[in-house]
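Please have a look at the model first, and then read on.

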Amino acid sequence: VQLQAFGGGLVQAGDSLSLSCATSGLTFTGRSMGWFRQAPGKEREFVSAINYSGGSTLYADSTAGRFTISRDNAKKTLYLQMNILKPEDTAVYYCAAHSINLPFTQDSRTAGNYAFWGRGTQVTVSS
């Protein structure tokens with residue numbers, strides 16, 4: 001199983017970035033997916049999640065209204081469109097594959113519900 005996040009970079013506050021997560025070796029279709037992030041010296045935190053069909057999404061309070069999660073099941077790829085970026089969005093962003101045995105609920109905000117994790121991509125937002 002491989003998950004690889006792409007698209008990070010250095011941007012200014014107010015700019016946008018689009019992250020992608022390419023997957024292989026797992027049942028992408030039928031599995032919920034999520035994005036998490038970890039800033040230096042801080043714990044990993046939930047960013048957003050999407051159910052298997054894309055019909056249901058979750059966002060952290062800090063990202064709702066600015067970030068949009070989506071997926072392309074045919075391409076087995078997860079996306080995160082990030083707008084109006086703030087310096088506090090600076091972190092390494094990770095994509096994760098939800099445990100296929102667990103339902104997509106509010107608990108999908110919890111890292112423990114995810115079975116596979118990818119390598120992150122650094123997002124740095126300057127003020």
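A salt bridge here is a side-chain nitrogen of Lys or Arg within 4 Å of a carboxyl oxygen of Asp or Glu. Side chains of opposite charge can pair when their charged atoms come close. The model is predicted, so local features need pLDDT of at least 70 and side-chain atom pairs count only at pLDDT 80 or more, while totals for chains, interfaces and linings use all residues. Residues are numbered from 1 along each chain as its sequence is written, and side-chain values use heavy atoms, with hydrogens and water left out. Searching the whole structure gives three salt bridges.

**Arg 37 and its partners**
- Arg 37 and Glu 45 form a salt bridge through their side chains, at 2.5 Å from N to O.
- Arg 37 is buried, at 3% relative accessible area, whereas Glu 45 is partly exposed at 35% (buried is under 20%, exposed over 50%, partly exposed in between; 1.4 Å probe, protein chains only).
- Asp 89 also forms a salt bridge with Arg 37, at 2.9 Å from N to O.
- Asp 89 sits in the loop between β8 (77-82) and β9 (91-98) and Arg 37 in strand β4 (residues 33-38), so this pair ties together parts 52 residues apart in sequence (strands are DSSP runs of E, at least two residues, numbered from the N terminus).

**Asp 89 and Arg 66**
- The side chains of Asp 89 and Arg 66 make a salt bridge of 2.7 Å, N to O.
- Arg 66 lies in the loop between β6 (57-59) and β7 (67-72), 23 residues from Asp 89.
- Both Asp 89 and Arg 66 are buried, with Asp 89 at 0% relative accessibility.

**The network**
- Through shared partners, salt bridges join Arg 37, Glu 45, Arg 66 and Asp 89 into one network.

Methods:
Helices (H or I, at least four residues) and strands (E, at least two) are DSSP runs, numbered from the N terminus.
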